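Dear colleague,

Please find below the structure that I am handing over to you, with its sequence. My notes on what was found in it follow directly after.

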Amino acid sequence: MQNNKLNNNNKKNNINLIKKIRNLTNISIKKCKKALEKNNYNLKKSIIFLKKNKIKKNNLPKKGIIINKIKNNIAIMLKLLCETDFTSKNIIFKKFSKKIINFCLKKKIFILKKIKKYFKKKIQYLILKFNENILIDNICFLKGKYINKYLHYNKKIGTILKINTYKNKINKKYIKQICMHITSMNPKYISIKNIPKNILKKNIKKINSNNKKNNIYKINEKFKKNILLEQKFIFNNKIKIKNFLNKKKINIINFYTYKI
């Protein structure tokens, strides 16, 4: 009789452990039971076992979301990656992205290495919960009086922008339009001056003129599409961005665009 009682107690304890590890990891009961059996019903060892064996390191996260925010003259943007759209749409995943953004703004921490270190345990928890690799892929920020942001409705592409103006006041609508243009057209550089010399050399061709001393260099037309100032403005395709900026007395200082 006593042996039966002991066996029943053990079964109850084992069931409680299975429930506990199930609640902690959100992994199937069958796999939780297997992990406990292999690790002599040690909870900590079983969780480590599941973590090591459940997620394949070669599974690179290619899905995810982009989030951006402006507060106290700081624009910040984050790219948080996962493996599936199912996870990227999950409310827990979305709340986590907002938590990172708010932490960075509050603590004034924008270094990716430090952010990853601070949220390491939370990432490990989410990896177990969703059974996917999750990665804080990148973060960027801009400070200034004239900053703006734009995020596409699907949260797969976003931009933050910093400008300067020669006017006392500027209509915020214009900054928003430029931000939307950048998000839509995805330029790599503001102007020719911003292009690294080694890249510029590959994308120019020499046109011989009558005067040998005055050789003219022309930028490859296809490459011009990567230069913001040379792009046609999406809100008025009769003019280029540089014409719009000159008219409104706006100077673009910097921008970042993230895309998934």
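I begin with glutamate 230 and lysine 242, whose side chains meet in a salt bridge at 3.2 Å, N to O. By salt bridge I mean a side-chain nitrogen of Lys or Arg within 4 Å of a carboxyl oxygen of Asp or Glu. Because glutamate 230 lies in the loop between H10 and S8 and lysine 242 in helix H11, the pair ties together parts that are twelve residues apart in sequence. Helices (H or I, at least four residues) and strands (E, at least two) are DSSP runs, numbered from the N terminus.

Please note that this is a predicted model, in which local features need pLDDT of at least 70 and side-chain atom pairs count only at pLDDT 80 or more, while totals for chains, interfaces and linings use all residues. Residues are numbered from 1 along each chain as its sequence is written, and side-chain values use heavy atoms, with hydrogens and water left out.

Salt bridges

The count of salt bridges comes to five. Glutamate 230 also meets lysine 240 in a salt bridge (3.3 Å, N to O). Lysine 240 lies in strand S9 and glutamate 230 in the loop between helix H10 (221-224) and S8, so this pair ties together parts that are ten residues apart in sequence. Glutamate 230 is buried, at 17% relative accessible area, whereas lysine 240 is partly exposed at 27% and lysine 242 is partly exposed at 30%. Here buried means under 20% relative accessible area, exposed means over 50%, and partly exposed lies in between (1.4 Å probe, protein chains only).

A further salt bridge is formed by the side chains of lysine 156 and aspartate 85 (3.5 Å, N to O). This pair links distant parts of the chain, 71 residues apart: lysine 156 is in the loop between strand S4 (147-151) and strand S5 (157-165), and aspartate 85 is in helix H4 (residues 85-88). Lysine 156 is buried, with 17% relative accessibility, while aspartate 85 is partly exposed at 32%.

Surface patches

Patches are made of residues with over 30% relative accessible area and no salt bridge; like charges are joined within 9 Å, and nonpolar side chains (Val, Leu, Ile, Met, Phe, Trp, Tyr) within 5 Å. Accessible areas come from the Shrake-Rupley method with a 1.4 Å probe.

A positive surface patch includes Lys69, Lys71, Lys89, Lys143 and Lys155 among its members. Helix H5 (91-107) and strand S1 (63-71) each supply at least two residues of this patch, and H5 gives the most, with five. Lysine 71 is found in strand S1 and is partly exposed, at 45% relative accessible area.

Met185, Ile234 and Phe235 make a nonpolar surface patch of about 260 Å². Isoleucine 234 is found in the loop between strand S8 (232-233) and strand S9 (236-240) and is partly exposed, at 38% relative accessible area.

Backbone

Most residues other than glycine have a negative phi. Asparagine 73, in the loop between S1 and strand S2 (74-82), has a positive phi near 60°. Lysine 249, in the loop between helix H11 (241-248) and strand S10 (250-259), has a positive phi of about 55°. Asparagine 73 is partly exposed at 46% relative accessibility, and lysine 249 is partly exposed at 42%.

With kind regards

Methods. Lys, Arg positive; Asp, Glu negative; His and termini not counted. Charge placed at Lys NZ, Arg CZ, Asp CG, Glu CD.
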